[in-house]
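Biologist: Hello! Could you walk me through a model I have just opened, one step at a time?

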Amino acid sequence: METVLIIDDSGINLRTAKEALDDYYNVVTANSCKMALRYLEKHTPDIILLDIQMPEVDGFETLKAIRSLPQTEDTPIIFLTAQDNVADEIHGLELGAVDYIHKPLQPQIMRMRIRTQLVLAHYQDHLEEIIMQKTEQVARVETALVASLNDLLEIRDGMTGSHVRRTAKYFEILLNALDKAHTFPDAITPDYKARLLRGAPLHDLGKVGISDNTLLKPSLSARRKWNLCANTPPLAVRRLPMRLRSLARTVS
């Protein structure tokens, strides 16, 4: 059963709300900000109903305190108010409230508004889970494609295949050292690091655009080979499917 935390300094309002919701939710009540925060130290409700007009600490400040807690930073909060003040409502929504319920409390309206927000929160959580799953699937596909392309290079030229693996490993060691030293903390995020490591083996892919007669020619000067290889990133990008192009450009 979902838990509803109701915060209101009025005992009458707490009883009215609790009676309206008891058959549908696990209802917890608190008559002050301090009491609510003490409860939230050990519990995370599914939704919070919060009165605006309270002594000592009002609803706006209480909302800020609740949002500062990691476990409730995304918990839906509905304001309870006896006022008809548009400016206050806008202010509450800007602070992170999801809705308003006006007093005197109407049980059916209150239950419908609570149910709507709980359904939205459920879909939001589910959507985030789906996005994470799809992101992981894309990462696995990218990794498999890069590995397949490396195999292709090795079949064509064993020396290039070994070089690609060694260079990718060197790059990983260098990137880990930079990360550990916090040299570029804002730039080397976990996601950026993962994409760089997946794309590193692609740095020589453009060699597939150089003929065997040229690439494997023993008499070809080092300078000539270097000039040819210097143009391999654009060749690689032209040959990559769209899904891998952004990954290749990251390391080119």
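Predicted model: local features only at pLDDT ≥ 70, side-chain atom pairs only at ≥ 80, totals over all residues.

Biologist: Great, let's start with the strands. In which sense do strand 4 and strand 5 pair?

Modeller: Strand 4 covers residues 77-81 and strand 5 covers residues 99-102. Four bridges join the two strands, and their sense is parallel.

Biologist: Which helix makes a β-α-β unit with strand 4 and strand 5?

Modeller: The unit that includes strand 4 and strand 5 is right-handed. Its helical member spans residues 86-95 and is helix 4.

Biologist: Now a single residue, please. Which residue stands opposite Asp99?

Modeller: Asp99 is found in strand 5. Leaving out residues up to four places away in sequence, Asp99 touches several residues, including Ile77, Ile78 and Phe79. The one standing opposite Asp99 is Ile78.

Biologist: Is Asp99 buried or exposed?

Modeller: The cut-off for buried is under 20% relative accessible area. Asp99 has a relative accessibility of 18%, so this residue counts as buried.

Biologist: And which side chain does a polar contact join to that of Asp99?

Modeller: The residues that Asp99 touches also include Leu93, Arg113 and Gln117. A polar contact of 2.9 Å joins the side chain of Asp99 to that of Arg113.

Biologist: Let's turn to the rings. Why is the pair of Phe60 and Phe79 edge-to-face?

Modeller: The structure holds two aromatic pairs. In the pair of Phe60 and Phe79 the ring centres are 5.5 Å apart. Planes over 60 degrees apart count as edge-to-face, and for Phe60 and Phe79 the angle is 80°.

Biologist: How many residues apart are Phe60 and Phe79?

Modeller: Phe60 sits in helix 3, residues 59-67, while Phe79 belongs to strand 4. Both residues are buried. The pair links distant parts of the chain, with a separation of 19 residues.

Biologist: What kind of pair do the rings of Phe79 and Tyr100 make?

Modeller: Their ring centres are 5.4 Å apart. The planes stand at 40°, so the pair is tilted.

Biologist: Which strand holds Tyr100?

Modeller: Tyr100 is buried, with a relative accessible area of 4%, and Phe79 counts as buried at 0% relative accessibility. The pair ties together parts 21 residues apart in sequence, because Phe79 lies in strand 4 and Tyr100 in strand 5.

Biologist: One last thing: which residues do ring pairs link into a cluster?

Modeller: Phe79 pairs edge-to-face with Phe60, and its pair with Tyr100 is tilted. The cluster linked by ring pairs therefore holds Phe60, Phe79 and Tyr100.

Note on methods. Residues numbered from 1 in each chain as written. Heavy atoms only, no water. Pairing = 2+ DSSP bridges. Right-handed = clockwise from strand over helix to strand, strands pointing away. Buried < 20%, exposed > 50% of the residue type's maximum accessible area, 1.4 Å probe, protein only. Polar contact = N/O pair within 3.5 Å; in protein donor to acceptor, adjacent residues only side chain to side chain. Contact = heavy atoms within 4.5 Å. Phe/Tyr/Trp six-rings, centres within 6.5 Å; stacked < 30°, edge-to-face > 60°.
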